[in-house]
Amino acid sequence: MAWSTLHSIPDNICARWQSVGGGACGFNSICSMGTNRRPRCDCPFGYILNDPNDKLGGCRRNFSEQDCNHEWREIEAFTFREMLNSNWFGGDYASYRDVPEDWCKQNCLSDCFCVVAIYDQNKICWKKRYPLSNGILKPSDGGKALIKIRKDNSTVGSPPPPTTTTPQFQTKRKSQSTLIISGSVLLGSSLFILMLLAVLYVFKFKGKTPKKRVQYPTVPGVNLRSFSYNELEEATNGFKEELGTGAFSTAYKAVLNDENGKVVAVKKLHKMEREGEQGFEAEVNSISRTNHKNLVQLLGFCNEGQHRLLVYEYMKTGSIADFLFKDSRLSWSQRVQVAIDTAKGLCYLHEECSTQIIHCDIKPQNVLLDENMIAKIADFGIAKLLRKDQTRTTTKKRGTRGYVAPEWFRNMPITVKVDVYSYGILLLELICCRKSYEQDVANEDEMILVEWACDCYRRKELHLLAGDDEEAIEDIKRFENFLMVAIWCIQENPALRPNMKKVMLMLEGSIDFSVPPDPFSFISSV
């Protein structure tokens with residue numbers, strides 16, 4: 001009777017990935033092949049064994065995890081340790097193609113759910129959540145794992161230091177006492193000399209008072225710098241390098257005359273009527289109190305005579321318009337992230353500010369990118385502000401052609417839904433990587449993006465919108481979902497448009513939503 005094989009040891013048990021469980025070595029561990037075809041299990045840097053007596057039982061973090069309630073504040077508390085040729089298969093929840101390694105790191109740092117980022121030779125960034133499964137050391141991969149750990153070595157459940165005193169410690173304490181006495185004498189002498197210098201300084205400059213900077217009276221308690229017009233004129237080299245211009249202002253690049261030579265953007269507001277003056281005051285008061293990673297930060301202002309200027313952080317990468325409508329296009333994964341970042345910024349303005357802010361001019365030129373390709377909304381200072389006891393307002397038409405909501409032209413109440421409409425147009429441009437209106441097209445049906453996109457959606461011809469974007473075609477399900485979100489946002493009836501909180505959840509796939517109706521069906525009833 002011949003023997004038959006029922007079970008055998010695989011050549012590489014580390015490579016047998018499991019859809020359920022942590023893999024051959026357990027969760028949060030790295031498996032490599034040792035001698036006798038047996039796995040060797042190790043914990044990554046910053047991790048320790050769950051059970052010191054069980055090397056196959058997995059690992060756990062030996063530091064406190066990132067606080068999701070204050071993830072932006074905690075970015076500086078974390079850093080990365082590299083592990084070459086390492087990967088965890090499964091558990092990734094986001095990927096970005098054709099991105100630099102530094103961008104991958106920054107994206108993971110700003111995401112409290114990301115514990116490891118895998119960066120491979122094809123410039124693809126994979127974000128992994130906790131716990132990590134199916135870890136393997138595979139030299140043939142050529143990529144690297146970026147392990148996110150705390151800088152301060154704060155561990156979980158660290159034992160307290162010993163309190164027993166030995167003769168060796170007593171000898172050390174005597175030496176320390178000698179050092180302390182010597183240090184105290186030196187410190188006392190130094191303080192005496194400093195006090196003497198201070199007295200001499202006071203007598204020398206008695207009667208002379210330094211020039212006091214006048215603070216803008218409407219921004220008490222806010223960390224903003226008040227600039228003189230001459231300071232900003234010098235910083236901009238006579239307003240020489242223009243960054244962009246709009247209906248209310250022109251922006252210039254500037255270098256501050258401080259110890260760091262900080263580069264900033266100075267927005268010079270045009271000569272305004274009374275409404276414009278009120279808009280400036282509202283901008284300084286409201287923007288100075290906004291704080292979100294997807295909003296451009298206001299650093300200072302000038303309110304001198306007829307001169308009104310605002311000083312913002314400088315976004316050297318420019319606006320997304322430079323990457324959507326020119327030769328250097330953003331990849332599909334980058335456009336997805338820009339769409340989500342912009343939605344988060346708008347959601348903050350609409351729902352999380354102490355004073356609700358309607359932007360009124362959402363467009364690609366007002367969505368800027370920092371050096372890490374994080375999108376930030378700019379130029380929301382001209383917006384109409386809504387107090388807590390108000391729910392809607394009516395004002396003069398604002399915005400940019402092609403992005404303005406229909407209610408601006410119909411004497412209807414202006415609410416946050418005008419921003420939702422503009423965002424829908426922006427989202428269509430991000431999806432299709434083209435302007436909302438293009439005259440030079442082969443087929444005239446494609447001139448107006450909104451109409452063409454809706455027709456393609458009804459006919460299920462999404463490939464026409466995706467064009468030659470292979471990454472978008474491979475991710476066609478998300479492409480279709482984003483298209484559906486955009487159509488919901490551009491509904492002619494403001495009541496049918498979702499709020500930005502819901503838009504954000506729809507984009508992230510956190511909630512289900514129905515097929516959008518024809519966005520133009522509301523026209524005939526108005």
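**Entry 1: the annotated lysine**

I began with the UniProt record, an unreviewed entry, which lists Lys268 under "binding site"; UniProt positions are given in the numbering used here, feature names are shortened, and annotations may be inferred rather than shown by experiment. Before reading anything off, I noted that this is a predicted model, in which local features need pLDDT of at least 70 and side-chain atom pairs count only at pLDDT 80 or more, while totals for chains, interfaces and linings use all residues. I also noted that residues are numbered from 1 along each chain as its sequence is written, and that side-chain values use heavy atoms, with hydrogens and water left out.

I located Lys268 in strand E15, residues 263-269; helices (H or I, at least four residues) and strands (E, at least two) are DSSP runs, numbered from the N terminus. I then looked for a partner of its side chain and found a polar contact with the side chain of Tyr229 at 3.4 Å. A polar contact is a pair of N or O atoms within 3.5 Å; within protein, one must be able to donate a hydrogen and the other to accept it, and residues adjacent in sequence count only if both atoms are side-chain atoms.

**Entry 2: the sheet that holds E15**

I traced the sheet next, and recorded an open sheet of six strands with mixed pairing, in the order E12-E16-E17-E15-E14-E13. Strand E12 (225-226) and strand E13 (242-245) are the edge strands, each pairing on one side only; two strands pair if DSSP finds at least two bridges between them.

How many bridges join E14 to E15? I count seven, with the two strands running antiparallel, and in this pairing Ala251 stands opposite Lys267 in E15. On the other pairing that I checked, E13 and strand E14 (residues 249-255) are antiparallel over three bridges. There I noted Thr245 opposite Thr250 in E14, and Glu242 opposite Tyr252 in E14.

**Entry 3: the cysteines**

I found five disulfides in the structure, a disulfide being a pair of cysteine sulfur atoms within 2.5 Å; I went through three of them.

Cys43 and Cys59 have their sulfur atoms 2.1 Å apart, and their link is left-handed, with -85° about the S-S bond. This pair links distant parts of the chain, 16 residues apart, with Cys43 in the loop between strand E2 (39-42) and strand E3 (47-49) and Cys59 in strand E4 (residues 59-61). Cys43 is partly exposed at a relative accessible area of 24%, whereas Cys59 is buried at 2%.

Cys104 is joined to Cys125 with an S to S distance of 2.0 Å, and this link is right-handed, with 70° about the S-S bond. The pair again links distant parts of the chain, Cys104 lying in helix H1 (residues 101-109) and Cys125 in strand E9 (residues 125-128), 21 residues apart. Cys104 is buried at 0%, and Cys125 is buried at 0%.

For Cys108 and Cys114 I read a sulfur separation of 2.1 Å; the torsion about their S-S bond is about -95°, so this disulfide is left-handed.

**Entry 4: helix H12**

After H12 comes Gly509, with a positive phi near 75°.

Note on methods: Buried means under 20% relative accessible area, exposed over 50%, partly exposed in between (1.4 Å probe, protein chains only).
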